Amino acid sequence: RPASKCAPSHGSVAVRDDPIEIDTAGSSTGRDVIGVALDIVQFDSAVYFVEEEEGHMRVDLMRLGTMEGTVCVDYHTEDGSAIAGERYESVSGTAVFPPGNVCQSLIIPIINNGKWATTQEFKIRLTNPRNCELGRYLYLSRVKVIDGDMFPTNKFRESMEQCGCTEDALADVGISGLDVLFEYCRLNLDTTRGLQAKCFGVVLIGLLQNLYFLLTTYILQYVADDVLGAADPATLLIPGDKRGTLFVFGIAYVVPFAILNILDVVKAQLRVVETSRAELQRNIFRKYLNYDDVSRVMVTPGELGLGIVQHAEDIAVSGFMNIFVLVEQLGKLAVSIYFIVAENPDAVTPLVFAAVAIAVFIAFNYERTASLRDEVSRQQEALLSFSQEAAGKIGLIEAYKIRPLMGDTLHERIMALNRTSVPLALAELENNYFPGWLSKLTVAGYLVYGGQAVLEGSCQIGTFLATVSIFSGISDTFKDIFNSSLEFSRATAPVLKVTRLLNRQTNLRDQKRIERRRRQVTKAERSPARLAKLRLQIGGQFG
């Protein structure tokens, strides 16, 4: 930029790239070389508030002192919980105060990305004062960005605002806990830094696991039919050498497994669950810190503690991460179906029967299991809240001599938890055994059916053994798919409870109104005309 005198009008900021020739003898000691006090430049507030819909934040710098001469300070933004490029646009430059100039303003663009976030903040810092000094404390200020979106997304905003976030209220308008859970998963992928790349790695490792399963199945078929069977030795992988061919396939069986073992270690270190859980825990606590008085009364310490400790864990493990477990199992089912259709189409019928049976069982048992888990969670929350309340009021309990009453109440809460835990344990036992029975029956049925085909000569022994292996594996896959599908029920009730926590009212907009009004009064009282009047009244030269 071309050099200039740097004398901006009131309310603007001069940003210079060229050196400014100004007396730099002033320092943070507050005096220049001849002992005259330097003017002070600082922000007019320690904390600023802005709503993301406003699009920008106006930050004012104040100059205190004689107002004589030109003074300059540099400024720049720094990331906090808000990240430049995601929540705001980074700015930096130089603010120039000409003689008599009292106030300069900085404009910081705010990004409205339409995605939910708790109140995030970033910093603005003043540095490198010339012919002035920085305020002792207000050389640094924070900007809090108030998010106006609904957790987890705005998809159900209207329904949640009208009906609330309870399971029954949302069910009345056709919104299930699964719907809210999947919206949370979208939010988590979109907003948690670095998570998309980690999730891609998890999916890729799962795909390689499934390809290895298909590879070992084909190895089993080839070895039984061609190497150990009556095939022409000249057609082997190593022509005429069965031992050498067996050795090669033995290596082909083991080496990929070793690679997958290493990849699983890498997968564990990706920390997808830990990252998702930590982000949710931080959001719950950060939101609670900004609650208004009504919200704090409505949320018990037990509910807050359970949300941070248990619900965040359930949502991350049984909700978000469980999607990738289910995708891996569906991939294994897909490669199993591919083998059966390509190598033994007659075995498709029992496969279809098992798939239909699993789907029907899930449809009839999912809601029941979810309801039982939700009831156990409510009883755990009630027991935790009672224990925390009793610990906090132990003095009253001793003063009124109600220890026996508190003991009886605790016993009732424990028994209520036990009464709900037993039906859940029985339901989970049933859920665990049904896929196992289906697995055994499917394999037993094919042993009879496929064995007859081998005896009749319509099916080779290698294909038969590979198909039995596929059916044994596919039955376990059905069991894993079934368990993964039911596992979502562990997260549906928690995600609704966390949704209520994260959509409660805060006092941030009230704080914003107070802060804006205080800044307006400060600016009016420090206008040049007002300062001139005050100097006349007190006979002083400072402002």
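A charge is taken to sit over a ring if NZ of Lys or CZ of Arg is within 6 Å of the ring centre and within 35 degrees of the ring normal. The legends below describe a predicted model, in which local features need pLDDT of at least 70 and side-chain atom pairs count only at pLDDT 80 or more, whereas totals for chains, interfaces and linings use all residues. Residues are numbered from 1 along each chain as its sequence is written, and side-chain values use heavy atoms, with hydrogens and water left out.

**View 1. Charges over the rings of Phe213 and Tyr288.** Lys332 is placed over the face of Phe213, 4.8 Å from the ring centre. Over the face of Tyr288 lies Arg296, at 6.0 Å from the ring centre.

**View 2. The aromatic pair of Phe151 and Tyr184.** The whole structure holds 14 aromatic pairs (rings of Phe, Tyr and Trp, the last by its six-membered ring, with centres within 6.5 Å; planes under 30 degrees apart are stacked, over 60 edge-to-face and the rest tilted). The ring centres of Phe151 and Tyr184 are 6.3 Å apart and the planes stand at 45 degrees, so this pair is tilted. Phe151 belongs to the loop between β9 (140–146) and α1 (157–163) and Tyr184 to helix α3 (residues 177–191), so the pair ties together parts that are 33 residues apart in sequence. Helices (H or I, at least four residues) and strands (E, at least two) are DSSP runs, numbered from the N terminus. Both Phe151 and Tyr184 are buried (under 20% relative accessible area; exposed is over 50% and partly exposed in between, with a 1.4 Å probe and protein chains only). Ring pairs also join Trp116 with Phe151 and Tyr184 in a cluster.

**View 3. The cis peptide bond between Phe151 and Pro152.** Omega of this bond is about -5 degrees. Pro152 is situated in the loop between β9 and α1. Most residues other than glycine have a negative phi, and most peptide bonds are trans.

**View 4. Positive phi at Asn128 and Asn131.** Asn128, in strand β7 (residues 120–130), has a phi near 50 degrees. Its relative accessibility of 42% makes Asn128 partly exposed. Asn131, in the loop between β7 and β8 (132–134), has a phi near 65 degrees. With a relative accessible area of 21%, Asn131 is partly exposed.

View 5. The ring centres of Tyr446 and Tyr449 lie 6.4 Å apart with the planes at 55 degrees, so the pair is tilted. Tyr446 is buried at 3% relative accessibility, whereas Tyr449 is partly exposed at 43%.

**View 6. Packing of helices α4 and α6.** Helix α4 (residues 195–227) and helix α6 (residues 272–289) pack at about 145 degrees, their axes being 10 Å apart (axes are lines fitted to C-alpha atoms over the stretch in contact, and angles run from 0 to 180 degrees between N-to-C directions). The crossing is left-handed, meaning that the near helix is turned anticlockwise from the far one by less than a right angle. Leu195, Lys198, Cys199 and Val202 of α4 meet Val272, Thr275 and Ser276 of α6, contact meaning heavy atoms within 4.5 Å.

View 7. Lys512 is buried, at 13% relative accessible area. Leaving aside residues up to four places away in sequence, Lys512 touches Phe49, Glu51, Glu54 and Ile146.
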